[in-house]
Amino acid sequence: MRLPDPFTPNLKVDMLQEIAHAPRVLTNFASMIQPLSFKKELDSYLKARAPVTFLSELRSNLQVSQEAGVRYNIQLMNALVLYVGTQAIAFIRSKGHTPNMSTIAHSAHMDIFQNLAVDLDTEGRYLFVNAIANQLRYPNSHTHYFSCTLLYLFAEANTEAIQEQITRVLLERLIVNRPHPWGLLITFVELIKNPTYKFWTHEFVHCAPEIEKLFESIARSCMVQKQVQPTPEPEIPE
């Protein structure tokens, strides 16, 4: 497969032919959503947004310990994110639409993702965002949906802490040696280029000179033209 250049100006990802196709997933991730009573409540909520207690109990269903570093069932978190995402894609297509920033919003699926982003603690949210980032791969329907989802969660976040953690997860995957996953690149490029997200105005981007330089370096490596104010040269006393 020859991948479309993610740095193409005004790249219309939703117009790519590959975006309509789901990737092959060999793992039976739906069977990993245990216990069966939790899976039943999940399916019920996705279908009818009931029981009403599902969202408030979601965190406790994912938590297995009070010990820092091992609080959450990571396998269940990954399976839940992928399952909800695939169900969302099927639901959107059943309505004759394709996933985009409008069609993914205001649904039971996004209710679950927004609840996790807000209700989880720092450790849990980090695992949750990584579960989404794991799906940002080559052009396919999963990459497209989860790219839109991550950008939507960033835009709709009620605290900058959520936006900072989303940025951290993307950045951790970009500062390693190339090649970088195609879906990761298109998501990060969209985040820093599109004025909707006001990325460069956030405090965490400018919290320290070395952090700001890191962001600018990553932006340049992503072929993004960002206007950086030149640093005035110090005057040399005569």
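Start with the aromatic rings: a search of the whole structure turns up 11 aromatic pairs. Rings of Phe, Tyr and Trp (its six-membered ring) pair if their centres lie within 6.5 Å, and planes under 30 degrees apart are called stacked, over 60 edge-to-face and the rest tilted. A pair of aromatic rings is described by the distance of the centres and the angle of the planes.

Select Phe113 and Phe128. Their ring centres are 5.9 Å apart with the planes at 40°, so this pair is tilted. Phe113 sits in helix H4 (residues 108–119) and Phe128 in helix H5 (residues 122–133), so the pair ties together parts 15 residues apart in sequence. Helices here (H or I, at least four residues) and strands (E, at least two) are DSSP runs, numbered from the N terminus. Buried means under 20% relative accessible area, exposed over 50%, and partly exposed in between (1.4 Å probe, protein chains only).

Phe146 belongs to helix H6 (residues 141–156) while Phe113 is in H4, so the pair links parts 33 residues apart in sequence. Phe146 is buried, at 0% relative accessibility.

A word on what you're looking at: this is a predicted model, in which local features need pLDDT of at least 70 and side-chain atom pairs count only at pLDDT 80 or more, while totals for chains, interfaces and linings use all residues. Residues are numbered from 1 along each chain as its sequence is written, and side-chain values use heavy atoms, with hydrogens and water left out.

Next, show H5 and H6 together. They pack at an angle of about 145° with their axes 9 Å apart; the axes are lines fitted to C-alpha atoms, for helices over the stretch in contact, and angles run from 0 to 180 degrees between N-to-C directions. On the H5 side, select Phe128, Val129 and Ile132; they meet Phe146, Thr149, Leu150 and Leu153 of H6. Contact means heavy atoms within 4.5 Å. The residues of this contact divide into 6 nonpolar, 1 polar and no charged.

Now widen the view to the core. The largest nonpolar core has 66 residues, and those with the most contacts inside it are Leu42, Ile112, Phe113, Phe128, Tyr145 and Phe199. Helix H3 (residues 74–94) gives the largest share of this core, 11 residues. A nonpolar core is a set of buried Ala, Val, Leu, Ile, Met, Phe, Trp, Tyr and Cys residues joined through side-chain atoms within 4.5 Å.

Click on Tyr145. Which residues does Tyr145 contact, leaving aside neighbours within four places in sequence? Look for Gly85, Ala88, Ile89, Ile92, Pro99, Ile104, His109, Met110 and Phe113.

Move on to another aromatic group: Phe154, Phe188, Tyr197, Phe199, Trp200, Phe204 and Phe215 form one cluster. Then select Thr167 in helix H7 (residues 160–174). Thr167 is buried, with a relative accessible area of 1%. Not counting residues up to four places away in sequence, Thr167 touches Phe154, Leu191, Phe199, Phe204 and Phe215.

Most residues other than glycine have a negative phi, and most peptide bonds are trans.

- Arg49, in the loop between H1 and H2, has a positive phi of about 55° and is partly exposed at 39% relative accessibility.
- Ala50 and Pro51 are joined by a cis peptide bond, with omega about 5°.
- Gln34 to Pro35 is also a cis peptide bond, with omega near -5°; Pro35 is in the segment before helix H1 (36–48).
- Lys198 has a positive phi of about 50° and is exposed, at 55% relative accessibility. Find Lys198 in the loop between helix H8 (182–193) and helix H9 (209–221).

Finally, zoom out to the whole chain, which has 9 helices and 0 strands. Buried residues make up 45% of its 238 residues.

Notes:
Nonpolar A, V, L, I, M, F, W, Y, C, P; charged D, E, K, R; others polar.
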